[in-house]
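This report describes the fold of a single chain, from its overall dimensions to one helix. Please examine the sequence and the structure shown below.

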Amino acid sequence: MPRTFLIDTDTASDDAVALIIALRAPDVRVAAITVVAGNVPVEQATRNALYTVELCSANVAVYSGVAKPLLRTYENATWFHGRDGLGDHNYPAPKHRAQPKHAVEAIIETIEANPGLVLVTLGPLTNVALAVSRKPEIAAKVSRCVIMGGNPCCEGNVTPAAEYNIWVDPEAARIVMHSGLPVELIGWHLCRGAAVLDPADIAEVEGFNTPLARFAIECNSHARAAYKIQTGEDGICLPDPVAMCLALDPTVGTDWGDHYIEVETQSELSRGNTIVDRLNVAGDARNKSVWRSALQQKAKICWTIDNSRWKQALYKALR
C-alpha cells in the first residue's frame, strides 16, 4: 500500500522541487496540497503549486489557505526567490484552479480521512497551527510531522537567530511544536555545505534534459544568485527538497536525536529561534518553570544527512 502524504507549502522555487520529489515517488500518494503565505503571497504560492502539479501530470487537489501570520505583519521572501517565487521566468498560468475549500479545513478533513498519514510542512506553520487549534485530536492521527524549518544550534538565514519559516510566524510554530504532533525538525543546516548543488551537480541535472530537470534548475536561478550573495557559495541550496527526501526515507538522516524544543516569541532580537535542549537540561530545577510548556513532548531533530544519498534521490525524481 502506498504511504499517504499531506503537504503544506508556501510554494516557491525549492518547494516546487520538493513537490516534484513527492509526486514522482512511486510508493507515495499525495492526498492533498495545502498552501500558506510565506515565500510569496498565498495567491501566488497557490498558482505555483498548481503549476508544479500540472508539470508532473499529477491529479492532486490544491487548497489555498491563510494569507498572513497569526499575529505578525506578513513578510515575504521574494528577495530570495523572485517576485513570482519561481525565479521570474514568466511560466504560464496553470490550467486548473484551487479547490473552494479552505486549506485549514482541508488539513483537518484529510487527516481524519487518512489516519496514519505523513504531514510534511515546507513553509510557515500558520495553516497547521490553526488546524490543530481547531481540532486538537487530529495530532494523534498523524504518524510523522516532518517540518522544514528552524535552525537548531546554528545560525539563521533571515536573521542571525532564525530560519525564515519559523521567523515569519513564530507563534504558529510554537503551537505546532507543543500540539502533540510527532514533530521531526529538518533544520536549515542540513541543506548547507556539501548538500548544496554545486556547479558540477547542476550540470549533471541539466544533462538529464527532461522538462522537470530543466524546470528545477531554471526556477531556482534567482535563489542561486541570492544564496551566493548571502553565503558566498555558488550553488543551489534546497532546504525543502532535503526535508522531502527525509520524509520519504528517514534513513538518509545519519544522526537523529530526541529533544525538547522551544520557539522564541517574546524577543525581537531572537524572534523565531528554535531552541533545542541538546544537553537535556530543560527539566532541571533552574529551567523547569520557563520550559514547562515544552516539557510535554520531545521532537526528533535531524543533525546530519548522507549528502550523496540525498542527491541521488533528487536525481531520480528529475530524470
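Among contacts in the chain between residues at least 6 apart in sequence, what percentage join residues at least 24 apart? The share is 82%, where contact means heavy atoms within 4.5 Å.

## Basis of the values

The model is predicted: local features need pLDDT of at least 70, side-chain atom pairs count only at pLDDT 80 or more, and totals for chains, interfaces and linings use all residues. Residues are numbered from 1 along each chain as its sequence is written, and side-chain values use heavy atoms, with hydrogens and water left out.

## Overall dimensions

For 319 residues, a compact globule would have a radius of gyration near 20 Å, and the chain, with 18 Å, agrees. This radius is taken over C-alpha atoms, and the globule rule is 2.2 Å times the number of residues to the power 0.38. Along the principal axes, the C-alpha atoms fill a box of roughly 60 × 45 × 40 Å.

Of the 319 residues, 58% are buried (under 20% relative accessible area, with exposed over 50% and partly exposed in between; 1.4 Å probe, protein chains only). The secondary structure comprises 12 helices and 10 strands, which are DSSP runs numbered from the N terminus (helices H or I, at least four residues; strands E, at least two).

## The sheet

An open sheet of 8 strands runs in the order E3-E2-E1-E4-E5-E6-E10-E7, with mixed pairing; two strands pair if DSSP finds at least two bridges between them. Its edge strands, E3 and E7 (253-259), each pair on one side only. From one strand to the next, the twist averages 20 degrees (axes are lines fitted to C-alpha atoms, and angles run from 0 to 180 degrees between N-to-C directions).

Within the sheet, E4 (residues 117-121) and E5 (residues 142-148) pair in the parallel sense over 5 bridges. Leu117 stands opposite Val142 in E5.

## Nonpolar cores

A nonpolar core is a set of buried Ala, Val, Leu, Ile, Met, Phe, Trp, Tyr and Cys residues joined through side-chain atoms within 4.5 Å. The largest has 71 residues, and Met244 and Trp310 have the most contacts inside it. Helix H1 gives the most to this core, with 8 residues. Apart from it lies another core, of 36 residues, including Leu6 and Val142.

## Helix H2

H2 (residues 42-55) has 14 residues and reaches 20 Å from its first C-alpha to its last, close to the 20 Å expected at 1.5 Å a residue (1.5 Å times one less than the number of residues). Among its buried residues are Val42, Leu50 and Tyr51. The cover over the buried residues of H2 includes H1 (13-24), E2 (28-35), E3 (62-64) and H9 (211-218). After H2 comes Ser57, with a positive phi near 55 degrees.
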